[in-house]
Amino acid sequence: MEVQVMANILDKNDKLAAEVNALFSVHGIFCLNLLGSPGSGKTSLLEHTIISLKEDIRLAVIEGDLFTDKDAERIARKGAPVIQINTGGGCHLDAAMVKTVISKLDLTALDLVIIENVGNLVCPAEFNIGEDVKVTVLSVTEGEDKPMKYPLVFKEAGAVVINKIDLIPYTSFDMNAVKEDIESLNPQVSLIEVSCRTGDGLEGWYDWLKDQIVRKKARC
Amino acid sequence: MHEMAIAEGILDIVLKTAEQHQAKKIVSITLEIGQMTEVEPESLRFCFAALSEETTAAGAVLEINHIPLVGRCRDCEKQFVIEKLRFLCPACGSTGVEILTGRELKVRHLEVE
């Protein structure tokens, strides 16, 4: 006997993600899902963001990591509230994991929640976790072929931060080719070039982030 | 290895459906997997076989229908197959292209006994 189903496999996760997003939206909080390879500079970008914005913006971080709390320790040292999720080897965060820890945050005292996903260009791209926007960090040393090799994580992103631009002279990285690839995948994306080591370009990232927070508050 | 999470989602759906239809055994499961998903079919089959042991879905065959990536231009409404991941309208050059198909991760139907 044939039985018609037509069900979305990720429906359960998507519904939980919508619940998480609704919890943030009630309080006018902008939520960002930060993606990228291991070593691309996600945590470094967060450290700079906390130091530079914590006087003006009330922010908290949820850290996804396979086993350790090394990144959470780095974030806590910069003075932002941080919650650790260990996936126990799991390659991505899902909405259920985020929903479980949300009660640890004081949502009445926040403007921004950044969720740093597990370092991985493949798996996290398929799973919404309650964010308003995904941001993908790509570093120069990973090579310029990555957007076309891992298209979904670049297609889904509202912004792509290209990090480690100070290392361009030591590599064969072709910035124009990378931009062309990312823009052909995702013409509406914001492209932001930074170096977390020298600080170059970070003002552009802060401006983008502040604009997103203002827009979210206006929608709520 | 997010195929494990996807296999869990499939198992959840098919076991519920089989129960609703009082089926004793799920023979095959037909999936729709879009071209712009990053799912590895063999890995998905392996994960599903492991998870479905000792359930009514044990031994079920996963039939995968691959769905092409098709877009529609928001400006001139042309529908076209998106090739080489270039989200650009071939008719008018607009970058306002929405995805019509190619992002599916769906269970379409089951064959049960």
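User: What counts as a salt bridge here?
Analyst: A side-chain nitrogen of Lys or Arg within 4 Å of a carboxyl oxygen of Asp or Glu. Keep in mind that this is a predicted model.

User: OK. Which residue does A:Glu156 form a salt bridge with?
Analyst: A:Lys134. The closest N and O atoms are 3.8 Å apart, and the cut-off is 4 Å, so the pair counts.

User: How many salt bridges over all chains?
Analyst: The structure holds 21.

User: And how many across the interface of chain A and chain B?
Analyst: The rule finds 4 there. One of them joins B:Arg103 and A:Glu126 through their side chains, at 3.5 Å from N to O.

User: What about polar contacts across that interface?
Analyst: There are 14 residue pairs in polar contact, with both residues at pLDDT 80 or more.

User: Which elements of chain A give two or more residues to the side touching chain B?
Analyst: Three are listed for chain A: β1 (2–8), α6 (151–155) and α7 (175–185). The largest share comes from β1(A), with 7 residues.

User: How do the residues on that side divide by type?
Analyst: 18 are nonpolar, 5 are polar and 7 are charged.

User: How much area gets buried between the chains?
Analyst: About 2800 Å² between chain A and chain B. Carbon and sulfur atoms carry 61% of it. In contact terms, 30 residues of chain A meet 31 residues of chain B.

User: Back to β1(A). Which strand of chain B do bridges join it to?
Analyst: To β6(B), residues 105–112. The two strands run antiparallel, with 5 bridges joining them.

User: Which residues in β6(B) do A:Val3 and A:Gln4 face?
Analyst: A:Val3 stands opposite B:Leu110. A:Gln4 has B:His109 as its bridge partner.

User: Which strand within chain B is joined to β6(B)?
Analyst: Strand β1 of chain B, residues 26–34. That pairing has 7 bridges and is antiparallel. In it, B:Glu32 stands opposite B:Lys106.

User: Where are the two Trp residues?
Analyst: Both A:Trp205 and A:Trp208 lie in helix α8 of chain A, residues 202–219. They are 3 residues apart, about one turn of the helix.

Technical notes:
Residues are numbered from 1 along each chain as its sequence is written. Chains are lettered from A and ligands numbered from 1 in the order in which they are written. This is a predicted model: local features need pLDDT of at least 70, side-chain atom pairs count only at pLDDT 80 or more; totals for chains, interfaces and linings use all residues. Side-chain values use heavy atoms; hydrogens and water are left out. Contact means heavy atoms within 4.5 Å. Buried area is the accessible area (1.4 Å probe) that two parts lose on being put together, summed over both. A polar contact is a pair of N or O atoms within 3.5 Å; within protein, one must be able to donate a hydrogen and the other to accept it, and residues adjacent in sequence count only if both atoms are side-chain atoms. Helices (H or I, at least four residues) and strands (E, at least two) are DSSP runs, numbered from the N terminus. Ala, Val, Leu, Ile, Met, Phe, Trp, Tyr, Cys and Pro count as nonpolar, Asp, Glu, Lys and Arg as charged, and the others, Gly among them, as polar. Two strands pair if DSSP finds at least two bridges between them.
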